[in-house]
Every structure is written in C-alpha cells, then in structure tokens.
Amino acid sequence: MDYGVTIERIAQGFEVAGVAIIVIGGVVALVGRFRDFRDHDKYYVDVRRSFGRPLILGQEIHVAADIIETITVDPSLESVVFLGIHVFVRTLLSFSLDIEVDGMAPWRRAEMEQRQAAEQP
C-alpha cells in the first residue's frame, strides 16, 4: 500500500468518525431529553443544546480530515485555496453553533467563568 492511499484512508477514517459523532450525538440528544417531550418548548431547547456540542465536535473532526487530505494527498494551490474557504466556512458555522448552544460568545463565557471562580470562597 502506498503513502497516498494510506493518508486518504486516514482522512476517510476522520470523516467517518466525525459523522458517527454527529449521528450518535443526535440520537443521544433526542432520546436523552425524551422525558421532557410533553413540554414541547423545553424539549426543543434542550435537544438543540444537547445536539450542538456533538455537531461542533463533528465539524472540527471534518476540518482535521480536510487538512490531512489537502496537505498530504493534493498540496496544489487550488486545493489549498479550497481548504482555506472550507475551513473558513466551517469555522463560522462552529462559531455560530457555539453561540447558539451557550447563548453567548466564547470569550464572554470565559470571562463569566473567571468571575464566578473569583466570587467563590
């Protein structure tokens, strides 16, 4: 087996792992919050929050797969530009999902956690 094929399979493994995390996370979010199903509004909000984290993680793993494949299998200028655009879009998506899940920007969350830690005895 040659180097290119091995790297492609590694990248595909990352892609499969990313999809598995998203699918399993979605199922866990739907089933894990089922006790709140009668309260539709609470169920909807809880499932969205529970599903957001695996969705973000799955996206990050897909970015890793794209980087591995681009820098090792096809390091042409065209593929690097495509990677840059792809990573930029996925980063924006992850950032917006992070805000949606936590209800605040990531740097605000860090500030809030620092304040809470300072207030505790």
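Modeller: The buried residues of α3 pack against α2 (40–72) and α4 (106–119). Contact here means heavy atoms within 4.5 Å. The model is predicted: local features need pLDDT of at least 70, side-chain atom pairs count only at pLDDT 80 or more, and totals for chains, interfaces and linings use all residues. Residues are numbered from 1 along each chain as its sequence is written, and side-chain values use heavy atoms, without hydrogens or water.

Biologist: What makes a run of residues a helix or a strand, and how many of each are there?

Modeller: Both are DSSP runs, numbered from the N terminus: helices are H or I with at least four residues, strands are E with at least two. The protein chain comes to four helices and zero strands, in the order α-α-α-α from the N terminus on.

Biologist: How do you know that the length of α3 agrees with that of a helix?

Modeller: The expected span is 1.5 Å times one less than the number of residues. Helix α3 (residues 77–102) has 26 residues and should therefore span 38 Å; its end C-alpha atoms are 37 Å apart, which agrees. Helix α1 (residues 3–32), with 30 residues, reaches 42 Å, close to the 44 Å expected. Just after α3, Gly103 takes a positive phi of about 80 degrees.

Biologist: Why is Gln59 called buried?

Modeller: Buried means under 20% relative accessible area, exposed over 50%, and partly exposed in between, with a 1.4 Å probe and protein chains only. Gln59 has 13%, so Gln59 is buried. This residue lies in helix α2. Leaving aside residues up to four places away in sequence, Gln59 touches Ile22, Arg90, Leu93 and Ser94.

Biologist: Which residues of α1 and α3 are buried?

Modeller: In α1 they are Ile7, Ala11, Gly18, Ile22, Gly25, Gly26 and Ala29, and what covers them includes α2. In α3 they are Ser79, Leu83, Arg90, Ser94, Leu97, Asp98 and Val101. An α-helix has 3.6 residues a turn, so residues three or four places apart point the same way. Of the 121 residues of the protein chain, 25% count as buried.

Biologist: What sets the chain apart from a compact globule?

Modeller: The radius of gyration is taken over C-alpha atoms, and the globule rule is 2.2 Å times the number of residues to the power 0.38. A compact globule of 121 residues would have a value near 14 Å, but the protein chain has 19 Å. Its C-alpha trace spans about 55 × 35 × 25 Å along the principal axes.
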